[in-house]
Each structure stands twice: as structure tokens, then as C-alpha cells.
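Here is a short tour for anyone meeting this protein for the first time. Keep the 3D view open and follow along as we go.

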Amino acid sequence: QIYKWVKDTLVTSSGQVNGCLAFPNGTSGATELQGSDNAYDAGGFIEAGDAIYRATADSGYAADAGRTADHFLDNVPIPSNNAATNGSERGSAYQYWLFKGMADYCTDAGNCAKYDGYMLSNAAQAWSERNSLGVTWNDWTSPTNDPNPDAFEMTGMAGLSEALPANAASGFNGNYPINSTA
């Protein structure tokens, strides 16, 4: 029932997942759809659809997950999490959930070839913005230059790396030490 409500209320026919219903005049007033198109919401919906598909084998849930994954594939070349898109000074972990959902869905649906290039191009973009320590923050559209990053700000690339296809050619060769900045 929760999944159906989210699908019927927040998800468009193109697969875009909106953020929430707001109560601009208090909880006793009318609701208002808060439109958004972020990787976090999309990833959560893809994960939910895929999980129900795995449990029930109902292909409708896989189709829902695929439509949302395709929405990002076709419309959002680089899911960027910067101040302009998430309203905060520091990056967020939104991309992690998108790519985890996309990887889980395509693995279960057997169609990862469709998404591998998208994931790899995002990995290359994120990697191109790394700093001298070899880490990249979650804004993949500008160089990583935060002098005091925290782990939450760096999870997008780690999550994407986890989701990359195992047989894909990787630009990540060599040893990368993990250094504590504390």
C-alpha cells in the first residue's frame, strides 16, 4: 500500500520521483506536491520496486524501477549534488542511492548493459574531480577542494564504485592509500 501511494502520488509517468507532499498552510490545510528530481528519491523508489519485484516476480515493479532508472539515464547526465541543486553548502550522499538502486535493479532484471555506460561515465566524471588525496566529493561538476571533508560528503563515488560492473574496464589502477585527516 505504501509503494502504491508513492507511485500514485509522487512518481510521474516518465519515472521522475518528486520529493513529498507539503502542508504550506499547516497540517489541517491542503497539501502541495513538492516537485524535485533528485537521485536520492529516485534511488529509493528504484530499490523499492526492485525489492518487490524480487519478492513477487511481478514484472510491473521491475518496469517501475526501470522507468525511473531510464529517466535518469535519459535526462540527468551527471547527478550533481552541489549547493544549487540540494540547497546546502556541502554535498550530499544522494548519488549513492541512485547507483545502488540502478545496479540492483539491472542485475535482477538482467539488463545491466543498458546502464553500464552511464555508470562508467559518471565514475570517470567523479574521478576527474578528485583532489590530491585521490578523493572526490559528491559534487561531480567541480574540483574537490573542501579542506575538511567528512565521509558523508564522499559517499557518492564510493557507492558508484561499488555498483560498477565487475567486468568493466576501469580507469582506477594502482594502490590508493587511505589516510586519516584527523
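Let us begin with the contacts. Among the contacts in the protein with a separation of 6 or more, 52% are between residues 24 or more positions apart. Please keep in mind that this is a predicted model. The protein has 182 residues, and buried ones make up 39% of them.

**The overall layout**

You will find 7 helices and 2 strands here. Reading from the N terminus, the order of the elements is α-β-β-α-α-α-α-α-α.

**The nonpolar cores**

Which residues have the most contacts inside the largest nonpolar core? They are F72, L98, F99, M102, Y105 and M119, in a core of 25 residues. The elements α2, α3, α5, α6 and α7 each give two or more residues to this core. Apart from it lies another core, which has 6 residues, including Y3, V11, V17 and F45.

Leaving aside residues up to four places away in sequence, Y105 touches I46, D50, A62, A65, G66, A69, N111 and Y115.

**Aromatic pairs**

The model holds 6 aromatic pairs. Two of them are set out below.

| Pair | Distance between ring centres | Angle between planes | Kind |
|---|---|---|---|
| Y3 and F45 | 5.1 Å | 10 degrees | stacked |
| F99 and Y118 | 5.8 Å | 40 degrees | tilted |

Let us look at Y3 and F45. Y3 sits in helix α1 (residues 2-10) and F45 in helix α2, so this pair ties together parts that are 42 residues apart in sequence. Both Y3 and F45 are buried. Together with Y61, these two residues form one aromatic cluster.

Now turn to F99 and Y118. Here F99 belongs to helix α5 (residues 94-109) and Y118 to helix α6 (residues 113-128), so the pair links parts that are 19 residues apart in sequence. Are F99 and Y118 buried or exposed? Both of them are buried.

**Helix α7 and its neighbours**

Helix α7 covers residues 155-163, and its buried residues are G156, M157, G159, L160 and A163. Looking down the axis of α7, you would see these buried residues fall within an arc of 165 degrees, so they line one face of the helix.

What do the buried residues of α7 pack against? They pack against α5 and α6. For α5 and α7, the packing angle is about 10 degrees and the axes are 7 Å apart. Angles under 35 degrees count as roughly parallel, and therefore α5 and α7 are described as roughly parallel to each other. On the α5 side, the contact is made by Q95, Y96, F99 and A103. On the α7 side, it is made by T155, G156, G159, L160, E162 and A163.

Finally, have a look at A57, in the loop between α2 (39-56) and α3 (59-75). A57 has a positive phi of about 65 degrees, although it is not a glycine. Is A57 buried or exposed? Its relative accessibility is 61%, so A57 counts as exposed, the cut-off for exposed being over 50%.

Note on methods
Residues numbered from 1 in each chain as written. Predicted model: local features only at pLDDT ≥ 70, side-chain atom pairs only at ≥ 80, totals over all residues. Heavy atoms only, no water. Helix = DSSP H or I, 4+ residues; strand = E, 2+ residues; numbered from the N terminus. Buried < 20%, exposed > 50% of the residue type's maximum accessible area, 1.4 Å probe, protein only. Phe/Tyr/Trp six-rings, centres within 6.5 Å; stacked < 30°, edge-to-face > 60°. Arc of directions from axis to C-beta. Contact = heavy atoms within 4.5 Å. Core = buried A, V, L, I, M, F, W, Y, C linked by side-chain atoms within 4.5 Å. Axes fitted to C-alpha atoms, helices over the stretch in contact; angles between N-to-C directions. Parallel < 35°, antiparallel > 145°, perpendicular 65-115°, else oblique.
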